[in-house]
Amino acid sequence: MDTDQLPVGKTFSWHSSLLRALWFGLLLIFFDAFLFDSWVISILVIVAVFLKFSFAATRYGLFGRPFSKLLIRNYTIYVAAAVLALGINIGNNILARHRAENIVAAIEAYHVKYGDYPKSLEVMAPEFMGHIPLAKYNLSLNTFYYRYSPTARKNEPTFFYTIIPPFYRNFYDFEKREWRAMD
């Protein structure tokens, strides 16, 4: 039979443990990379696995328990999923920055041609941009935000996107022509 005996006399299936670890990894990737886009869950999982593994290794020895290979395999799956979620988040932010710079270039080109900033991003399509892309590939806070009111005290548009929800955003300063992070 495909089981190992635990110290307390219970049987444990390698197959069901693997499925649970894989499901946990997939849920971690979905929630942290595609739903929340926050990085927090992945970092907490990595820290928790490191602490739990360090405790188990010092208390029982690295291979002192009958199912230690199973734990190492599961911990590896958890950390790999967390690192993959972090990588997806970093890739999404690099993509958002690249797309944002293209939109800023289109806004500036519109300003040069018409002498005023566009009222919305949509008025630039298709002359300056084919379409307005999503900032990131995730399910929340994945759009660019643009507002321009020529009657405002500061006669410049506001343009930003969210880096880490809910508060950490990247703003473009049209006067200084530079990016500023704000939380």
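Where is L139 found? L139 sits in the loop between α3 and β3 (145-147); the points below start from the model as a whole and come back to this loop.

1. Basis. This is a predicted model, in which local features need pLDDT of at least 70, side-chain atom pairs count only at pLDDT 80 or more, and totals for chains, interfaces and linings use all residues. Residues are numbered from 1 along each chain as its sequence is written, and side-chain values use heavy atoms, with hydrogens and water left out.

2. Fold. The protein chain has three helices and six strands, in the order β-β-α-α-α-β-β-β-β along the sequence. Helices (H or I, at least four residues) and strands (E, at least two) are DSSP runs, numbered from the N terminus.

3. Of the 183 residues in the protein chain, 36% are buried. Buried means under 20% relative accessible area, exposed over 50%, and partly exposed in between (1.4 Å probe, protein chains only). Among contacts (heavy atoms within 4.5 Å) with a separation of 6 or more, 51% are between residues 24 or more positions apart.

4. N89. This residue lies in helix α3 (residues 68-114) and is buried, at 0% relative accessible area. Leaving aside residues up to four places away in sequence, N89 touches D32, A33, D37, S38 and W39. S38 is 51 residues from N89 in sequence, yet their C-alpha atoms are 7.8 Å apart. A polar atom of the N89 side chain lies 3.4 Å from the backbone oxygen of D32.

5. W39. W39, one of the residues that N89 touches, is in the loop between α1 (14-35) and α2 (40-60). Its relative accessible area is 22%, so W39 counts as partly exposed. The phi of W39 is near 75°, a positive value in a residue other than glycine.

6. Loop between α3 and β3. L141 lies in this loop and has a positive phi of about 50° although it is not a glycine; at 33% relative accessibility it is partly exposed. P126 is also found in the loop between α3 and β3, and the peptide bond from A125 to P126 is cis, with omega near 0°. Most residues other than glycine have a negative phi, and most peptide bonds are trans.

7. Surface. The protein chain exposes about 11,100 Å², with carbon and sulfur atoms supplying 66% of it. Accessible areas come from the Shrake-Rupley method with a 1.4 Å probe. L139 is exposed, at 57% relative accessibility.

Note on methods
A polar contact is a pair of N or O atoms within 3.5 Å; within protein, one must be able to donate a hydrogen and the other to accept it, and residues adjacent in sequence count only if both atoms are side-chain atoms.
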